[in-house]
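Reader: Could you go through the charged pairs and the nonpolar packing with me? I have the model open here.

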Amino acid sequence: MQIGIIGAGAIGSFLMKELNGKPSHDLRVKSIFVRDYEKYKDLEELYNVTLYTDLEEFAASGVDVIVEAANVTAAKLLLPPVIAYAPVVAISIGAFRDVAFYEEMEQLSKQHNKKIHLPSGAIGGLDLLQNANVLDSVKR
């Protein structure tokens, strides 16, 4: 299965490392959508992926599923146009608290016959865990 990821932060990087770094998987990250090509260009060689800054080119890159791994704002902006191309996994499930967005995605899902997968919100903790190493202490 070919995977496209929106975002190359903690979750996107984790997926690339786990899936493309271990060739025994049938899953492979193929395409990554980023806003800043220069910032992430090293990922292309490191994980054998293609970076896109054009959303339509990314969505049309032949992936079987698109994983949104950015943030709520990006999810609300980018998921409506990409669901026409592939089923989506929305990591930023908080976007679906917005009733208008929820209804729009529900309608688009039906219109394009594509599923929307909403994983447990606990996966968002990966960002926290990966960034925790920069903290000296945590106080309540």
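Reader: Is Asp 98 buried, partly exposed or exposed?
Author: Asp 98 counts as partly exposed, at 28% relative accessibility, where buried means under 20% relative accessible area, exposed over 50% and partly exposed in between (1.4 Å probe, protein chains only). This is a predicted model, in which local features need pLDDT of at least 70, side-chain atom pairs count only at pLDDT 80 or more, and totals for chains, interfaces and linings use all residues. Residues are numbered from 1 along each chain as its sequence is written, and side-chain values use heavy atoms, with hydrogens and water left out.

Reader: Which residue does Asp 98 form a salt bridge with?
Author: Its partner is Lys 76, with the closest N and O atoms 2.8 Å apart; a salt bridge here is a side-chain nitrogen of Lys or Arg within 4 Å of a carboxyl oxygen of Asp or Glu. Because Asp 98 lies in the loop between β5 and α6 and Lys 76 in helix α5, the pair ties together parts that are 22 residues apart in sequence.

Reader: How many salt bridges does the count come to?
Author: The count is two, and Glu 38 with Lys 41 forms one, at 2.9 Å between the closest N and O atoms. Glu 38 is exposed at 51% relative accessibility, whereas Lys 41 is partly exposed at 37%.

Reader: Switching topic, how many residues are in the largest nonpolar core?
Author: That core has 22 residues, with Phe 58 and Leu 79 among those with the most contacts inside it; a nonpolar core is a set of buried Ala, Val, Leu, Ile, Met, Phe, Trp, Tyr and Cys residues joined through side-chain atoms within 4.5 Å.

Key:
Helix = DSSP H or I, 4+ residues; strand = E, 2+ residues; numbered from the N terminus.
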